Amino acid sequence: MINFEQELVKYESGLDREEVKKVVMADGGDGNSMQQNKLDQIMKRYGLALNYCKTDSYDLAYIQIQKVARLLPGNINVQLLSALICMHEGKDELAMQALERAAALDGDHPDIKRYQEELHAQPVPQPEEVPAAA
């Protein structure tokens with residue numbers, strides 16, 4: 001079983017600002033203030049998502065990581081963090097969608113397979129025993 005807190009540590013190092021900057025600048029322009037604002041928003045929202053996870057505000061964390069995913073769709077860690085948050089909250093369908101997006105970016109990433117296996121290994125609820133009628 002995946003331990004949410006241990007997995008979250010992987011993402012605490014944050015996004016590589018220079019890598020994100022290259023992606024933002026590749027979208028066109030020459031480093032204008034609009035692109036700088038986009039870069040700042042990505043970094044801020046990613047940090048907020050992590051902080052919300054640490055304070056058990058998972059709905060808010062999910063909102064922030066989804067905003068990051070829209071601004072930075074090609075980052076596998078963003079997709080994996082989104083999947084992890086969804087898994088933790090029992091939103092398995094949303095988690096699978098995030099894992100599919102991550103697999104499209106890097107199908108060989110080991111965390112994708114682990115997370116998918118975790119989702120497929122969910123325990124099946126057992127029917128309650130009904131006492132026999134006397």
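Visitor: Is the crossing of α1 and α3 left-handed or right-handed?
Guide: A crossing is left-handed if the near helix is turned anticlockwise from the far one by less than a right angle, and right-handed if clockwise; in this predicted model, α1 and α3 cross in the left-handed sense. Helices here are DSSP runs of H or I with at least four residues, numbered from the N terminus.

Visitor: At what angle do the axes of α1 and α3 cross?
Guide: Axes are lines fitted to C-alpha atoms over the stretch in contact, with angles from 0 to 180 degrees between N-to-C directions. Those of α1 (residues 4-11) and α3 (residues 33-54) come within 11 Å and cross at roughly 160°, which means that α1 is roughly antiparallel to α3 (an angle over 145 degrees).

Visitor: Which residues make the contact?
Guide: With contact meaning heavy atoms within 4.5 Å, F4, L8 and Y11 of α1 meet Y46, L50, C53 and K54 of α3. These residues divide into six nonpolar, no polar and one charged, where Asp, Glu, Lys and Arg count as charged, Ala, Val, Leu, Ile, Met, Phe, Trp, Tyr, Cys and Pro as nonpolar, and the others, Gly among them, as polar.

Visitor: How do α4 and α5 cross?
Guide: The axes of α4 and α5 (residues 76-88) come within 10 Å and cross at roughly 155°, so α4 is roughly antiparallel to α5, and α4 passes α5 in a left-handed crossing.

Visitor: In which helix is confidence highest?
Guide: Confidence is given by pLDDT, from 0 to 100 for each residue; its mean is highest in α4 (residues 58-71), at 96.
Residues are numbered from 1 along each chain as its sequence is written, and side-chain values use heavy atoms, leaving out hydrogens and water. Because the model is predicted, local features need pLDDT of at least 70 and side-chain atom pairs count only at pLDDT 80 or more, while totals for chains, interfaces and linings use all residues.

Technical notes
pLDDT is the predictor's confidence in each residue, from 0 to 100. Helices (H or I, at least four residues) and strands (E, at least two) are DSSP runs, numbered from the N terminus. Angles under 35 degrees count as roughly parallel, over 145 as roughly antiparallel, 65 to 115 as roughly perpendicular and the rest as oblique.
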